[in-house]
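My notes follow in the order I checked things.

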Amino acid sequence: MRIRKRATAGIPDEGARAEGEFGRRSALRLMGAGGLLTAGVLGQELVAPAAAHAATPTAALGMAGAADLPAGLTVPSFAPSGRRPRYRRATWTQQFRQGHGWTIGGTGTASSDPDDTEVFCRGSQSARATTKGTGAQSSIRKTGLPAMNLTGKMIRLIFRVTDVTHLSKISFYLGTGDLQNSFSWRFHTHSATSANYVQSGEWVTVHLQWADVAAASGTYSLSATGKPSVKTGFTDLSFAVYDDAAGAVTYNLQAVEVIPDTTTLFPKGVVSLTFDDSHESVHHLGRPVMDPLGMPGTIYNIADAIGTGTYLTLDEMRSLQDSSGWEMAGHSYAGAAHTASYANLTAQQVDDDFRKLREWLVGSGFTSEHFAYPHGKFQKTTDGVPVDLIAQRHFTTARSIISETIESFAPAMPYRLKALTGINDGSGIGGTTLAKVVGPGGQLDRCAESGDWLILCLHRITAGTPTANTEISQAGLTTLVNEIQKRGIEVLTVQEAMTYFA
């Protein structure tokens, strides 16, 4: 299958490329108006939230093969404002054109073509390999390069897996001495049940940051806080794919690039504290902990839960936004759509829920145009349309609950923002223990060492001991924010963070 060619005029195969430095802003300005009015009259199509339960039934399962948006979708009343992150230009790039010199091998490789002219998204070709189906490593690598200094840099990969059915994991190695000395990133482990960052037939972009180095070998080492022993002098690179030993996997590698990170802008990194599902406990128990430290949060809201039961009221939402600088973002319009998850609805049902949610947010006076997928699922709808493709019609970013690596500035894929979820201070309830986040070498240490963007996903806050991994106690939240403060990590809402790179 031929993939549409894209022009890359003016981009060299390799070599240095300068990029202007980002100046640190003395103060953030919120995004302002919630979007652009593109069709309709505000209010004419607004539906009382409770009515949406009946309007958004769960569709029957059954997936079609189409990957394009279906015809006939209603034009969004509020389109995204266009504040997507700026593209970060590479300072060194390998795009796998003729004569690239990379080798394809490994005991797990059955066949390969270093110059595949059938599947590519840049230039006129990519490098392709097919695994043997034995679980062994298949790799595309280059050794003996001029020594590279990756201080203040991160690695960008662009690749495609034809069919992920038998995909097990993907890793990247960086080092010297034919990789006898190396750092490694395992940046994707495929799941048979959860949403996956890598999906069949899609070009995927991944940023590899120093915060996510998984292991070191040879003369290289990692400190107790995850700091690498060296960030310069690298001559060897390897992109490695492993199947599940039950079937073969075909993959294409389009680019390996070096791009600037943001350690000069955020030397201690950034944490975004996000809360899903509109729980009133965030206002009653979370706000009193965070306000004294000047830490705002992002709440991803379910519209028709607002003002009912133990959920936030509109007045509480407005007070959080207007008096404490919190962000009121979107999670779903209908509670029934949230319960079902978008992957169990049709594309039309998902698009309708998105549209009503965005109208409700803007009509209620909330400025955010950011979103979190219900249950973190952005796979295809029941009629075969990627949910994240629909999200782009209505919002500027969409957050998942994938945490294989932490998020980057600017995000590699803004509609698959990564977040660490299930954070709790309970015992025997699963999820992510608070100790893993705040302990030595944990997520906060790695964020502070590397200047990256750590998005944390929380839900309900309890006065006592948590009984589910969607709960954290007020005491646990206090520990979390104090540990963030102690490390000097800046806390920004998702909306604020994105303004730096829009």
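Before reading any packing angle, I noted how it is defined: axes are lines fitted to C-alpha atoms, for helices over the stretch in contact, and angles run from 0 to 180 degrees between N-to-C directions. I also noted that this is a predicted model.

**Entry 1: α2 against α3**

I started with helix α2, residues 281-290, and helix α3, residues 314-324. Their axes lie 10 Å apart, and the packing angle is about 20°. Angles under 35 degrees count as roughly parallel, and α2 and α3 are therefore roughly parallel to each other. I looked up the handedness next: α2 passes α3 in a left-handed crossing. Which residues make the contact? From α2 I listed His283, His284 and Arg287. From α3 I listed Glu316, Ser319, Leu320, Ser323 and Ser324. I then sorted the residues of this contact by type and got 1 nonpolar, 5 polar and 2 charged.

**Entry 2: α2 against α9**

I stayed with α2 and turned to helix α9, residues 474-486. The angle between α2 and α9 is about 30°, with the axes 10 Å apart. α2 and α9 are therefore roughly parallel to each other. The crossing of α2 and α9 is right-handed. On the α2 side I found Leu285, Gly286, Val289 and Met290 in the contact. On the α9 side I found Gln474, Leu477, Thr478 and Val481. The residues of the contact of α2 with α9 split into 5 nonpolar, 3 polar and no charged.

I checked the loop between β17 (270-276) and α2, where Ser278 lies. Ser278 is not a glycine, yet its phi is positive, about 65°.

**Entry 3: a sheet**

I traced an open sheet of 6 strands. What is the strand order? I read it as β4-β7-β15-β10-β11-β13, with antiparallel pairing. β4 (103-105) and β13 (215-217) stand at the edges with a single partner strand each, so one side of each has no neighbour in the sheet. On average, neighbouring strands of this sheet are turned by 20° against each other, direction ignored.

I then looked at one pairing inside the sheet. Strand β10 covers residues 167-176, and strand β11 covers residues 181-189. β10 and β11 pair in the antiparallel sense over 8 bridges.

**Entry 4: an aromatic pair**

I counted aromatic pairs in the structure and got 24. I took Phe183 and Phe234 as an example. Their ring centres are 6.2 Å apart and their planes stand at 70°, so the pair is edge-to-face. Phe183 sits in strand β11 and Phe234 in strand β14 (residues 232-234).

**Entry 5: a cis peptide bond**

Last, I looked up a cis peptide bond. Where is Ala410 in the chain? Ala410 lies in the loop between β21 (397-399) and β22 (423-424). The cis bond joins Phe409 and Ala410. Its omega is about -15°.

Note on methods: Residues numbered from 1 in each chain as written. Predicted model: local features only at pLDDT ≥ 70, side-chain atom pairs only at ≥ 80, totals over all residues. Heavy atoms only, no water. Helix = DSSP H or I, 4+ residues; strand = E, 2+ residues; numbered from the N terminus. Parallel < 35°, antiparallel > 145°, perpendicular 65-115°, else oblique. Left-handed = near helix turned anticlockwise from the far one by under 90°. Contact = heavy atoms within 4.5 Å. Nonpolar A, V, L, I, M, F, W, Y, C, P; charged D, E, K, R; others polar. Pairing = 2+ DSSP bridges. Phe/Tyr/Trp six-rings, centres within 6.5 Å; stacked < 30°, edge-to-face > 60°.
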